[in-house]
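Here's a quick briefing to read alongside the model. Take a look at the structure first, then work through the points.

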Amino acid sequence: MAPYTLTYFAVKGRCSALKILLADQGQQLKENLVTFDDWMKGDLKKCCVFGQLPKFEDGDLVLFQSNAMLRHLGRKHGAYGKNDSEAALIDMMNDGVEDLRLKYLKMIYQEYETGKEAYIKDLPNHLSKFGAFMAKNKSGFLVGDKISFADYNLFDLLLNHKVLSPTCLDAFPTLKAFVDTLSARPKIKALLESDDFKKLPINGNGKQ
Ligand SMILES: N[C@@H](CCC(=O)N[C@@H](CS)C(=O)NCC(=O)O)C(=O)O
């Protein structure tokens, strides 16, 4: 039996990073897909702490907030650094990923037609920061010498950005190598190439 259960809509959205982490760590995941019609009935929304999905269950532990889920899984599966200093840096980088994700989601959901070109133009200002931080570390990961939940989260967001702007990583060799290396890890590759994963749209409004 899968130890974890995820309840979410049929999109990649805020759950791909978590799925990539679990796949890479060899963990099973049971998924409950929620349709828009079922969600609109409102019963499930009322049971969600912040009125939103995803919902993640690890036995009796029920979590909302995708970054809390990533942290929990990072802690459980040795993807949260090897000491408190590394953990703090991993938190910092994950907060940076969240800042960029929020900008990305604002553009996708509120400004796609009017703001997409400006967003892509400004993107190097954000990518350069992740690239410079990772380049200093030399291990190919954001922090320390082992993959962390922030790496999985950044990887997922970079994959989305490659769909938005296929050449966006060309000026950032460290990030390009990072994406290529993670994409080639056998369990991640298998997930990314699976029909179940490929069929999910990146975002709920079909924009990407
Ligand atoms: N900060 C939350 C955001 C969750 C969120 O935005 N959920 C959206 C789908 S990705 C949702 O439930 N939308 C339906 C609604 O708000 O009624 C997280 O990271 O989990």
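The notes below cover the ligand site and then the domains.

This is a predicted model, so local features need pLDDT of at least 70 and side-chain atom pairs count only at pLDDT 80 or more, while totals for chains, interfaces and linings use all residues. Residues are numbered from 1 along each chain as its sequence is written, and side-chain values use heavy atoms, with hydrogens and water left out.

**Around the ligand**

**Polar contacts** (pairs of N or O atoms within 3.5 Å)
- Lysine 45 has a polar side-chain atom 2.8 Å from an oxygen atom of the ligand.
- For glutamine 52, a polar side-chain atom is 2.9 Å from a ligand oxygen atom.
- In arginine 14, a side-chain N or O atom is 3.1 Å from an oxygen atom of the ligand.
- On its own the ligand exposes 520 Å², and the protein buries 71% of that (Shrake-Rupley method, 1.4 Å probe).

**Domains**
- Domain 1 covers 4-78 + 189-198 and domain 2 covers 84-185, with bounds from an automatic or database domain assignment.
- Their C-alpha centres lie 21 Å apart.
- Domain 1 gives 15 residues to the contact and domain 2 gives 18 residues (heavy atoms within 4.5 Å).

Technical notes:
A polar contact is a pair of N or O atoms within 3.5 Å; within protein, one must be able to donate a hydrogen and the other to accept it, and residues adjacent in sequence count only if both atoms are side-chain atoms.
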